[in-house]
Amino acid sequence: MRIDVVTIFPEYFGPLDLSLIGKARASGLLEVGVHDLRTWTHDVHRTVDDSPYGGGPGMVMRPEPWGEALDALVAGGRGEPAGGAPGGGVRLVVPTPAGEVFTQAMAHDLAAEQRLIFACGRYEGIDQRVLDHAATRMPVTEVSLGDYVLFGGEVAVLVMCEAIVRLLPGVLGNADSLAEESHAHGVLESPVYTKPPEWRGHPVPEILRSGDHGRIARWRRDQALLRTARRRPDLLAALDPGTLDKRDVAL
Ligand code: ADE
């Protein structure tokens, strides 16, 4: 997979060199390009924003630098790969609090793409025509991390990249951790423990030390369902009844 990020703050993306994302890049599973939007401005002040039509507070990102940035990335300018036919295999992702909410299912969909371009807005957002024009040549998805407002899209892109890249085949050493984790089956993960068996007066639940794998699996499932019921009743309500077994329903 190739990910390109366009931002006025390239420094935000230092963490993409670290940890498992850094390793995925080093091993060739992932290519990342981080681009400063201001390289596509042509005035001495390298202006990227202006006041909103119709009035109102704040500033809006002007369309021209965004248009040139996307042209260059889609066409394979600036030493970037062309990604096949113009627009072929590329999806534009725009973080915004006005987008659809990012979920694990969306992370899976995005992880299946060959190329992603993330456009980080600042201020009150990007002129809508940038997205409308881009949508004539590639799929465009506006995504919100949740019901709160950040300064801009940069941190949201880091979050999405981490969720997406860990799903790419070969990135996680142990693929089982993907199958077990919270949200994989629409329920939260059960609590986890390691040594020592007792710590500050708190013992590890006896059953986990019993060696009885059937009972352990049942206990973990119960804990996961109880947690989900208490913390995320919305997830429990949305569970496909087909994924429940008779003993689950007894809860
Ligand atoms: N930009 C500002 N707030 C955001 C949010 N909640 N999600 C995604 N992008 C954002």
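Trainee: In which loop does Y123 lie?

Mentor: Y123 lies in the loop between strand 6 (115-119) and helix 4 (128-134), where helices (H or I, at least four residues) and strands (E, at least two) are DSSP runs numbered from the N terminus. This is a predicted model, in which local features need pLDDT of at least 70 and side-chain atom pairs count only at pLDDT 80 or more, while totals for chains, interfaces and linings use all residues. Residues are numbered from 1 along each chain as its sequence is written.

Trainee: What is the phi of Y123?

Mentor: Most residues other than glycine have a negative phi, and most peptide bonds are trans. Y123, although not a glycine, has a positive phi of about 55 degrees, and R46, also not a glycine, has a positive phi of about 55 degrees, lying in the loop between strand 2 (31-36) and strand 3 (49-50).

Trainee: Where is there a cis peptide bond?

Mentor: A cis peptide bond, with omega about 5 degrees, joins K195 and P196, and P196 is found in the loop between helix 6 (176-180) and strand 8 (198-199).

Trainee: Is V149 buried or exposed?

Mentor: A residue is buried if 20 or more other C-beta atoms lie within 10 Å of its own, exposed if 12 or fewer, and partly exposed in between, with C-beta atoms placed from the backbone. V149 counts as exposed because it has 9 C-beta neighbours inside 10 Å, whereas L150 counts as partly exposed, with 16 C-beta neighbours inside 10 Å.
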